[in-house]
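Here are a few friendly notes to read alongside the model. Take them one at a time, and find each residue on screen as you go.

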Amino acid sequence: MTLLITVIAAIVATVVWYANENRDLYRIGTLSLIFWGASLMWFIDFCAEYIELRADYFVQSTADILNDALLGVTVVTIGLIAWLAVLFVKDPKGVIKKKLTK
């Protein structure tokens with residue numbers, strides 16, 4: 001479930017990046033890379049766990065599925081927070097610089 005949620009977030013961020021004319025201004029490419037990196041990490045985790053458990057991997061309890069879903073939402077939220085931090089540091093429109101110089 002975590003892999004699924006992060007892949008969906010990565011696809012959405014990539015589509016927004018591709019469709020947006022201000023992609024460099026808002027660093028949407030950075031957001032896309034954050035989510036694709038997380039997706040790659042969860043895919044490797046899935047492969048390792050599948051090698052260990054084989055078919056038992058697909059038999060999960062409801063609690064495990066909810067835990068994975070919560071972890072996926074948390075990963076996406078932390079990715080968005082990291083992207084906002086990058087956006088504030090780069091300050092593409094100079095809003096923070098104007099506020100600090102007044």
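1. Let us begin with a term. A helix here is a DSSP run of H or I with at least four residues, and helices are numbered from the N terminus. Please also keep in mind that this is a predicted model.

2. Now find S32, which sits in helix α2, the stretch covering residues 28-53. Is S32 buried or exposed? Its relative accessible area is 7%, and buried means under 20%, so S32 is buried. Looking past the neighbours within four places in sequence, you will find S32 in contact with A10, A13 and T14.

3. Next, turn to helix α1, residues 2-19. I8 has its place in this helix. With a relative accessibility of 47%, I8 counts as partly exposed, because that label covers values between the 20% and 50% cut-offs.

4. Together, M1, L4, I8, V12, V16 and I65 make a nonpolar surface patch of about 500 Å². Which element gives the largest share of the patch? Helix α1 does, with 4 residues.

5. The elements giving two or more residues to the lining are α1, α2 and α3 (62-90). Of these, α2 provides the largest share, 5 residues. As for volume, the largest pocket has about 250 Å³.

6. Let us move on to the loops. E21 lies in the one between α1 and α2. Its relative accessibility is 78%, and the cut-off for exposed is over 50%, so E21 counts as exposed. How far apart are the C-alpha atoms of E21 and L70? They are separated by 33 Å, and the two residues are 49 residues apart along the chain.

7. Finally, look at K93, in the loop between α3 and α4 (95-101). Not counting residues up to four places away in sequence, K93 touches L25, Y26 and K98.

Definitions and conventions
Residues numbered from 1 in each chain as written. Predicted model: local features only at pLDDT ≥ 70, side-chain atom pairs only at ≥ 80, totals over all residues. Heavy atoms only, no water. Patch = residues over 30% accessible without salt bridge, like charges linked within 9 Å, V, L, I, M, F, W, Y side chains within 5 Å. Areas by Shrake-Rupley, 256 points an atom, 1.4 Å probe, with all protein chains shown as cover. Salt bridge = Lys/Arg side-chain N within 4 Å of Asp/Glu carboxyl O. Buried < 20%, exposed > 50% of the residue type's maximum accessible area, 1.4 Å probe, protein only. Contact = heavy atoms within 4.5 Å. 1 Å grid on protein atoms, 1.4 Å probe; cavity = no way out; pocket = protein on both sides within 12 Å on 5 of 7 lines; lining within 4 Å. Points joined across faces, edges and corners; volume = space filled by probe spheres on them.
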